[in-house]
Amino acid sequence: MPNYTINFAPPFNIVRLSHVEWVVTDLGYSKAYYVDLVGYHLEEETSDTLYLRGMEELNHHSLILKKGDVPKVNRIGFKVFSADDLEKAYRYFEGLGQPVVWVEKHAQGKTFHTTDPFGVPLEFYYQMERVSDILQKYHLYHGARIQRIDHANLFHNDVNAATEFYVSQLGFRVTEATVIEQADPDTPYVATWLHRKGGVHDIAFTNGTGPRLHHLGVWMPSVQDIIHLCDSMAAAGLRECLERGPGRHGISNAFFLYMRDQDGHRLEPYVSDYQTMDPDHPARIWDLDDPMRQTLWGQAAPRSWFELGSVFKGLEPQPSKLDATPIIAPE
Ligand SMILES: [Fe+2]
């Protein structure tokens, strides 16, 4: 099993995953779906863009929905610690030979765009417009009451190379991993969960055709909110959007639901993971064929969950280098 050296003094300091920008084909549908049912707070709306945040978030947005003809993921945004870190990040990616460009981004301070070595479009900034504190404005809560962004999970055609880059270069730490067989000392990673912020993950990589975005993970106030979301989606005639769950992951201990909108973007509302900020926090390792890995209660995930994802802007997904077959639920 790989054991990449963690870079505890990375070239710049990433605080956490900050936001994701999706292209959607029908803003009216997306507003009804993500604001009315899912329960995001609509912070700002323009003719072609919705800026959404969770009820505890003080940054202007954690999910941007932009009108377009073809669904895709424009980019993943990370917050860095300081202006100095932002300059260092720019020079780091420039030094790697990746494209780097300073951009004007609504409600954000100085921001640049680049790609990681695998072509995933990334955005870095350190200051976003601070908005009103609505954590205890309970009369504004609605839908399933999204609290905050948590993680982005990516299909990756080379999980091991991606994990090595984010760990040994950018200072991410692996909290959980799936391997083909722990008994084999040379077994490769099939999936990894990596963090900066002290939770189970900010980003995760899952073996498959990629890179593509598998899902955006968002934190909910309670299990009851996830049950309510299932009831609401069914009552609103959107039962087919409920793809998997609710259930309890073995990995991460999350109580989860997976849902896909009409553009194919997948959201994972979830509650409960655990703290991981100790520098010597050990990773939990799972065998691929362990039925409790996917769902602690044993239910397998549907085929769609292993095959469908959102493409990134400007990135042609590549077949995986690793032939690893997970447990798939019978159809
Ligand atoms: Fe997740």
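Predicted model: local features only at pLDDT ≥ 70, side-chain atom pairs only at ≥ 80, totals over all residues.
User: Is His60 buried, exposed or partly exposed?

Analyst: His60 counts as partly exposed, because 19 other C-beta atoms lie within 10 Å and a residue needs 20 or more to be called buried.

User: And which residues is His60 in contact with, leaving aside its neighbours within four places in sequence?

Analyst: Those contacts are Glu43, Tyr51, Arg53, Ala107, Met128, Glu129 and Val131. Take Glu43: 17 residues separate it from His60 in sequence, and the C-alpha to C-alpha distance is 6.8 Å.

User: Ala107 is in that list. What is its phi?

Analyst: Phi of Ala107 is positive, near 70 degrees, in a residue other than glycine. That stands out because most residues other than glycine have a negative phi. Ala107 is in the loop between β6 (101–103) and β7, and with 16 other C-beta atoms within 10 Å it is partly exposed.

User: Which other residue has a positive phi without being a glycine?

Analyst: Ser272 is one, with phi also near 70 degrees. It belongs to the loop between β16 and β17 (284–287). Ser272 is partly exposed too, having 15 other C-beta atoms within 10 Å.

User: Let's zoom out. How many helices and strands are in the chain?

Analyst: The chain has six helices and 18 strands. Its C-alpha trace spans about 55 × 50 × 40 Å along the principal axes.

User: What radius of gyration does the chain have, and what would a compact globule have?

Analyst: For 331 residues a compact globule would come out near 20 Å, and the chain has 19 Å, so the two agree. Of those 331 residues, 44% count as buried. Also, among contacts with a separation of 6 or more, 69% are between residues 24 or more positions apart.

User: How is the chain divided into domains?

Analyst: Domain 1 covers 14–136 and domain 2 covers 148–311. Their C-alpha centres are 20 Å apart. The contact between them takes 27 residues from domain 1 and 27 residues from domain 2.

User: Which elements supply the domain 1 side?

Analyst: β1 (14–24), α1 and β5 (72–80) each give at least two residues to the side that touches domain 2. β1 has the largest share, with eight residues. By class, that side of domain 1 has 16 nonpolar, six polar and five charged residues.

User: Now helices. How long is α2?

Analyst: Helix α2 runs over residues 83–96, and its 14 residues should span 20 Å at 1.5 Å a residue; the end C-alpha atoms are 20 Å apart, so it agrees.

User: Which residues of α2 are buried?

Analyst: Asp85, Leu86, Ala89 and Phe93 are.

User: What follows α2?

Analyst: Gly97 does, with a positive phi near 90 degrees.

User: And which residues of α4 are buried?

Analyst: In α4 the buried ones are Ile226, Leu229 and Met233. They cover an arc of only 50 degrees around the axis, which means they are on the same side of α4. They pack against α1 (27–37), β14 (242–248), β15 (255–260) and β16 (266–271). Turned away from that buried side are the exposed residues Gln224, Asp231 and Ala235. Just after α4 comes Gly237, with a positive phi of about 80 degrees.

User: Last topic, cis peptide bonds. Where is Pro211, and which residue is it joined to by one?

Analyst: Pro211 is in the loop between β12 (203–207) and β13 (212–219). The cis bond joins it to Gly210, with omega about 0 degrees. The bond from Gly245 to Pro246 is cis as well, with omega near 5 degrees, and Pro246 lies in strand β14.

Conventions. Residues numbered from 1 in each chain as written. Buried ≥ 20, exposed ≤ 12 C-beta atoms within 10 Å, placed from the backbone. Helix = DSSP H or I, 4+ residues; strand = E, 2+ residues; numbered from the N terminus. Arc of directions from axis to C-beta. Contact = placed C-beta atoms within 7 Å. Rg over C-alpha atoms; globule rule 2.2 N^0.38 Å. Domains from an automatic or database assignment. Nonpolar A, V, L, I, M, F, W, Y, C, P; charged D, E, K, R; others polar. Expected span 1.5 Å × (residues − 1).
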